[in-house]
Amino acid sequence: MPRPRVFRKISKEPEIRCFKPEKENLELLEPIEITIDEFEAIRLRDYHDIQQKKSAEIMGISQPTFHRILTSARKKISKALIEGNTIIIIGGDYITDKKAYKCNVCGFEWSNPKKEYEKCPECESEDIGLVIGDEELPPETESSLLERRSYGGTGMGFGPPKLCKCPNCGYTSPKKRAIPCKNTLCPECGTPLCGEN
């Protein structure tokens, strides 16, 4: 039996989940899906320029796993840029932490419940503060496995989006079971819809 997938720690969810080029006949191209953990890896390593070892530590995963996620994200983004595909950021196995740190100098936010920080991983400033959010980190015990839907539990709140939304005109419709939002065209402007919770 394969090992259960580890939930990646995400500092914050992306504000924009769909990017599309200014191009006609977009419906002929397959949209490229990037998971939230791939988005977080790109954000930490490429956008904030945090070393790979520290980035993996912040996400709560091993360095080789972080490297695989980062490589996958870079390949998908480069393909989308070269071929002109739409990029859609989808869910994945992730959690956000209730306790997080914020640098008062550069504004970078991160969390790692297993380690106490005295300096910002991005700018090395010691002027950091603690931020308390709304979501609580689930306990890392065997009982949390029993909450998963595959084990007969109610699930952990992850899954498909509840709504499909047009990135152009803002039209929304309820998500239909077994039909991805990207396969539904907006009735007002004809653009493929993106998932939204």
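**Close-up views: disulfides and helix packing**

A search of the whole structure turns up 2 disulfides, a disulfide being a pair of cysteine sulfur atoms within 2.5 Å. Everything here comes from a predicted model, where local features need pLDDT of at least 70, side-chain atom pairs count only at pLDDT 80 or more, and totals for chains, interfaces and linings use all residues. Residues are numbered from 1 along each chain as its sequence is written, and side-chain values use heavy atoms, with hydrogens and water left out.

**View 1. The whole chain, before zooming in.** The protein chain's secondary structure comes to 4 helices and 11 strands. Here helices (H or I, at least four residues) and strands (E, at least two) are DSSP runs, numbered from the N terminus. Of the 197 residues in the chain, 37% are buried; buried means under 20% relative accessible area, exposed means over 50%, and partly exposed is in between (1.4 Å probe, protein chains only). Take the contacts between residues at least 6 apart in sequence: 61% of them join residues at least 24 apart. Contact means heavy atoms within 4.5 Å.

**View 2. Cysteine 18 bonded to cysteine 194.** This disulfide has an S to S distance of 2.4 Å. Cysteine 18 sits in strand S2 (residues 18-19) and cysteine 194 in strand S11 (residues 194-196), so the bond ties together parts that are 176 residues apart in sequence. Both ends are tucked away: cysteine 18 is buried, at 15% relative accessible area, and cysteine 194 is buried too, at 6%.

**View 3. Cysteine 164 bonded to cysteine 181.** Here the S to S distance is 2.0 Å. The torsion about this S-S bond is about -75°, so the disulfide is left-handed. Cysteine 164 belongs to strand S9 (residues 163-165), while cysteine 181 is in the loop between strand S10 (172-174) and S11, so this pair links parts that are 17 residues apart in sequence. Cysteine 164 is buried, with a relative accessible area of 3%, and cysteine 181 is buried at 5%. Count the bonded cysteines along the chain and the disulfides follow the pattern 1-4, 2-3.

**View 4. Two cysteines without a disulfide.** Cysteine 166 is in no disulfide; its nearest cysteine sulfur belongs to cysteine 189 and is 3.5 Å away. Cysteine 166 is buried, with a relative accessible area of 2%. Cysteine 186 is in no disulfide either, and the nearest cysteine sulfur, that of cysteine 169, is 3.5 Å away. At 4% relative accessibility, cysteine 186 counts as buried.

**View 5. Helix H1 against helix H2.** The axes of H1 (residues 36-47) and H2 (residues 52-59) come within 10 Å and cross at roughly 140°. Axes are lines fitted to C-alpha atoms, for helices over the stretch in contact, and angles run from 0 to 180 degrees between N-to-C directions. That leaves H1 and H2 oblique to each other: angles under 35 degrees count as roughly parallel, over 145 as roughly antiparallel, 65 to 115 as roughly perpendicular and the rest as oblique. H1 contributes Asp37, Glu40, Ala41, Leu44 and Arg45 to the contact, and H2 contributes Gln52, Ser55, Ile58 and Met59. By class, that gives 4 nonpolar, 2 polar and 3 charged residues, where Ala, Val, Leu, Ile, Met, Phe, Trp, Tyr, Cys and Pro count as nonpolar, Asp, Glu, Lys and Arg as charged, and the others, Gly among them, as polar.

**View 6. Zooming in on serine 55.** Serine 55 lies in helix H2. Serine 55 is buried, with 0% relative accessible area. Leaving aside its neighbours within four places in sequence, serine 55 is in contact with Leu44, Arg45, Ile50 and Phe66.

**View 7. Helix H1 against helix H3.** H1 and H3 (residues 63-83) pack at an angle of about 95°, with their axes 8 Å apart. That makes H1 roughly perpendicular to H3. On the H1 side, the contact uses Asp37, Glu38, Ala41, Ile42, Arg45 and Asp46; on the H3 side, residues including Phe66, Ile69 and Leu70 take part. Sorted by class, this contact has 7 nonpolar, 1 polar and 6 charged residues.

**View 8. H1 in its surroundings.** In H1, 9 of the 12 residues are buried, so this helix is largely enclosed by the rest of the structure. Among the buried residues are Ile36, Arg43 and Leu44. After H1 comes aspartate 49, whose phi is positive, near 55°.
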